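User: Could you walk me through how to read a few features of a structure like this one? I would like the general idea behind each, then the case at hand.

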Amino acid sequence: MASIYWLLGNGRANVTTYATQLPHSHDPTTDTYTVTSTLTYSVNRSYNGQNLICVASNEATSEPGGSAETSETLNVKYAPDITVNSPPYTQNDAIRTVTCHPSGNPDSYTYHKWQHKSRYGDLIRELDGNKTLKIPNVPVLLRYQDSGKYVCTASNGIRDNDNMFEQIGSGYVIVNAQPVFTSDTIDKAKQFGEISKAVDIYVNVYSVPKFAIYIWTRDGKPITTQNLAKYASSSSPTIVYDKVHGKEVHLDGYKVTLTIRDLTAQDFNNYSLTLKSGFADVTHTIVLESTSVPETPGNFSMTTTSTTSITMQWDPKSGGGHKQAFYIQYRVQGAFEWYTTLAGEEDINEPKRRRIYEVINLQKGKAYGLRIYAENRAGKRSNVTEVFIAVTETSETSTTRSAVIGGVVGAVVTLGIVCASVMVIVLLKRRKGQNKTEKNNKSYENTGFQERQKDDEYEEVRNKCDVQQKQSSKTYETLGTKDTLNVYDGLDTSKGLTPSKSSLGHYEALGVQDKPNIYSELENQKEEIQLKEQPAEKNILKASNNHKEGRKLNTTQGPKENVYANEVF
């Protein structure tokens, strides 16, 4: 029966202890034995390509050919390690490349987008590329922005120990260029100081390599820093903010400071900083202005409150010559810590107006202390106002308020309906009165006569007895109107004809306000006036167009017909 052992690598290290052997089998017919050994061994990428040898031997190994062995070259598959070749450049180099070097098995890779990041991990941009990235070209003075970390991502289909396919590697590109005044300096072209006090005016700079010399000047004249009682200058490393390819990022830079003590009116001037390096000189100018403390906001008071918010109002005052911001501080009454929230801003030239701000996310039914202060762009802060005490509502308060509002709205709606109904009734009554007046104002009924002519014109009729009636005054009294023709005024009672009393009642029933004068003598008579008409002639009364003109009433003979004195046309 044979014995089996294992050897690994060029050093033929014995790794048999990691092997297991199955019980052997014996064939008595041939007197042979079968032995099986299995090696389980953990390897990494360093074992790739090494030989693994299996050796078998028995008692006959001392004889030639007494032992046997076999070997296998290991093929260890693993995710790639990635390195990035990133040589330095200058702002004068137009072509700038970065190369990705993955190392894995199998040696076939998929490349993903490159990433350009700041030293502090801020993502600046993503770029398309393969194994080699060609950095896009930009103007010379902007090539310093190409500095930073370039990250390559690749995969070969094998997971790493963290079960990830995609692997990354990075290299840092440095572009040597002239110094740059960063955006956090450009945004502060004006800086501020107070009379008789000291001020530090400063400039932030990104400079690779670092500038060699810096010079401060005032109105073009160098400032001597030998007068230590008045001036002092310094330079120190700092983290600066700048826009790199459109993104605001953190960079390693420098802060250059000029200290001016005991400010006078002459010190408020223009100050310039010039930096010298191996490239072109650069200069930045700062305007030093006088400033004052903003005034405390006025009329700080509450407008409304709810269960979780309090709305406050105030009147802005002077901002000390600069843009100012308003900060409301609040806390539960009795608490120690104040919470501060930005409540708005006011520019220098912005018209003064009352401001309103709602403080939210408060506790229900709690008393809060609130106060406000102003701070201008020069960093000067006003005094805070006196503490205003306000109480947030409880749910019961809100419910009661809703009920009151609902009642008021209901009352207003009801009142509106009542008013509308009254108006409709009044209009209907007016319409009815107008209809009645129109009815009364119509042409009078032609009772006892056969034909009425258009425009109230009537033909004259003659009485069989040629009875002529003289008019004593107006011909008609008003029947519902004031200007109707009064044709019956002044009728004579010749031939013994007298009007009946019913005729006067008929006038009253027709709405006549004043009885005709002639009838004042006939009120107690009850006889009817008998008028006879000619059968061949028409009985027509023709009225004058002149309301004041007297008229004669003539009748001609005709068929006998009763005409009452109180019947009108």
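Predicted model: local features only at pLDDT ≥ 70, side-chain atom pairs only at ≥ 80, totals over all residues.

Analyst: Gladly, and let us begin with contact, which means heavy atoms within 4.5 Å. Residues are numbered from 1 along each chain as its sequence is written, and side-chain values use heavy atoms, with hydrogens and water left out.

User: Which residues does Ser86 touch, not counting those up to four places away in sequence?

Analyst: Ser86 touches Val98, Gly171, Tyr172 and Val173. Its place is in the loop between strand 9 (78-85) and strand 10 (89-90); helices (H or I, at least four residues) and strands (E, at least two) are DSSP runs, numbered from the N terminus.

User: Is Ser86 buried or exposed?

Analyst: Buried means under 20% relative accessible area, exposed over 50%, and partly exposed in between, with a 1.4 Å probe and protein chains only. Ser86 has 17% relative accessibility, so it counts as buried. A polar contact is a pair of N or O atoms within 3.5 Å; within protein, one must be able to donate a hydrogen and the other to accept it, and residues adjacent in sequence count only if both atoms are side-chain atoms. Here, a polar atom of the Ser86 side chain lies 3.1 Å from the backbone oxygen of Tyr172.

User: How should I read disulfides, and how many are there?

Analyst: A disulfide is a covalent bond between the sulfur atoms of two cysteines. The rule used is a pair of cysteine sulfur atoms within 2.5 Å, and by it the count comes to one disulfide. Cys100 and Cys152 form it, with their sulfur atoms 2.0 Å apart. Cys100 lies in strand 11 (residues 97-105) and Cys152 in strand 16 (residues 148-155), so the pair ties together parts that are 52 residues apart in sequence. The torsion about their S-S bond is about -80°, so the disulfide is left-handed. Cys100 counts as buried at 0% relative accessibility, and Cys152 counts as buried at 1%.

User: What about the backbone torsions?

Analyst: Most residues other than glycine have a negative phi, and most peptide bonds are trans. In this model, a cis peptide bond joins Asn105 and Pro106, with omega about 15°; Pro106 is found in the loop between strand 11 and strand 12 (110-111). Another cis peptide bond joins Val208 and Pro209, with omega about 0°, and Pro209 lies in the loop between strand 21 (199-206) and strand 22 (213-218). As for phi, Arg12 has a positive value of about 50° although it is not a glycine. Arg12 is found in the loop between strand 1 (3-8) and strand 2 (13-14).

User: In what order do the strands of the open sheet run?

Analyst: Strands of a sheet pair through backbone hydrogen bonds, either parallel or antiparallel. Two strands pair if DSSP finds at least two bridges between them. Four strands form the open sheet here, in the order 31-30-33-34, with antiparallel pairing. Strand 31 (339-346) and strand 34 (388-391) stand at the edges with a single partner strand each, so one side of each is left without a neighbour in the sheet. Strand 30 (residues 324-332) and strand 33 (residues 367-376) pair over nine bridges, and Val332 stands opposite Tyr368 in strand 33.
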